[in-house]
Amino acid sequence: MTQGPRVYGSERDDPEPGPQPGRDYRELTGGPLDGQLIEVTDWTEEEITTGTYLITPHSAYGPGGRASYGPTFSRPGGPWVWEGDTP
């Protein structure tokens with residue numbers, strides 16, 4: 001069985017960690033969450049164009065650090081690129 005990308009926030013042992021029908025996602029590229037998806041279904045347009053800080057155990061600041069991801073001007077619809085880590 002081929003498994004697609006994992007959605008950020010899903011558990012590793014989740015039987016369905018991938019995207020679900022009818023939901024909107026952005027792919028995360030680069031950094032500690034590379035290849036995962038973030039669900040943005042209920043986000044406002046402003047939130048989507050701003051990006052987000054996501055908690056990750058693999059940031060430069062260790063567990064609990066945050067990785068910044070956001071859209072680029074040339075591809076506002078995604079994927080979101082890693083912008084760096086923050087405590």
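Helices (H or I, at least four residues) and strands (E, at least two) are DSSP runs, numbered from the N terminus. This is a predicted model, in which local features need pLDDT of at least 70 and side-chain atom pairs count only at pLDDT 80 or more, while totals for chains, interfaces and linings use all residues. Residues are numbered from 1 along each chain as its sequence is written, and side-chain values use heavy atoms, with hydrogens and water left out.

**Overview. The protein contains 1 helix and 5 strands.** Read from the N terminus, the elements follow the order β-β-α-β-β-β. The C-alpha atoms occupy a box of roughly 35 × 30 × 20 Å along the principal axes. Buried residues (under 20% relative accessible area; exposed means over 50%, and partly exposed lies in between, with a 1.4 Å probe and protein chains only) make up 36% of the 87 residues. Among contacts (heavy atoms within 4.5 Å) with a separation of 6 or more, 35% join residues 24 or more positions apart. The protein exposes about 5,600 Å², of which carbon and sulfur atoms supply 51%; accessible areas come from the Shrake-Rupley method with a 1.4 Å probe, and for residues only the protein chains shown count as cover.

**Close-up 1. Arg23 forms a salt bridge with Glu39 and another with Asp42.** A salt bridge is a side-chain nitrogen of Lys or Arg within 4 Å of a carboxyl oxygen of Asp or Glu. The closest N and O atoms of Arg23 and Glu39 are 2.5 Å apart. Arg23 lies in the segment before β1 (25–29) and Glu39 in strand β2 (residues 37–39), so this pair ties together parts that are 16 residues apart in sequence. Between Asp42 and Arg23 the N to O distance is 4.0 Å. Asp42 belongs to the loop between β2 and α1 (45–50), so its pairing with Arg23 ties together parts 19 residues apart in sequence. Arg23 is partly exposed at 38% relative accessible area, as is Glu39 at 26%, whereas Asp42 is exposed at 66%.

**Close-up 2. Asp24 and Arg26 form a salt bridge.** Their closest N and O atoms are 3.1 Å apart. Asp24 is partly exposed, with a relative accessible area of 34%, while Arg26 is buried at 11%. Elsewhere, salt bridges that share partners join Arg23, Glu39 and Asp42 into one network. The structure holds 3 salt bridges.

**Close-up 3. The largest nonpolar core has 9 residues.** Such a core is a set of buried Ala, Val, Leu, Ile, Met, Phe, Trp, Tyr and Cys residues joined through side-chain atoms within 4.5 Å. Its members are Leu28, Leu33, Ile38, Val40, Ile48, Leu54, Ala67, Tyr69 and Trp80. In soluble globular proteins, nonpolar side chains tend to be buried together. Leaving aside neighbours within four places in sequence, Ala67 is in contact with residues including Pro32, Leu54 and Trp82.

**Close-up 4. Ser68 lies in strand β4 (residues 65–70).** This serine, Ser68, is buried, with a relative accessible area of 7%. Its side chain makes a polar contact with the side chain of Glu83 at 2.6 Å. A polar contact is a pair of N or O atoms within 3.5 Å; within protein, one must be able to donate a hydrogen and the other to accept it, and residues adjacent in sequence count only if both atoms are side-chain atoms. Leaving aside neighbours within four places in sequence, Ser68 is in contact with Thr52, Tyr53, Val81, Trp82, Glu83 and Gly84.
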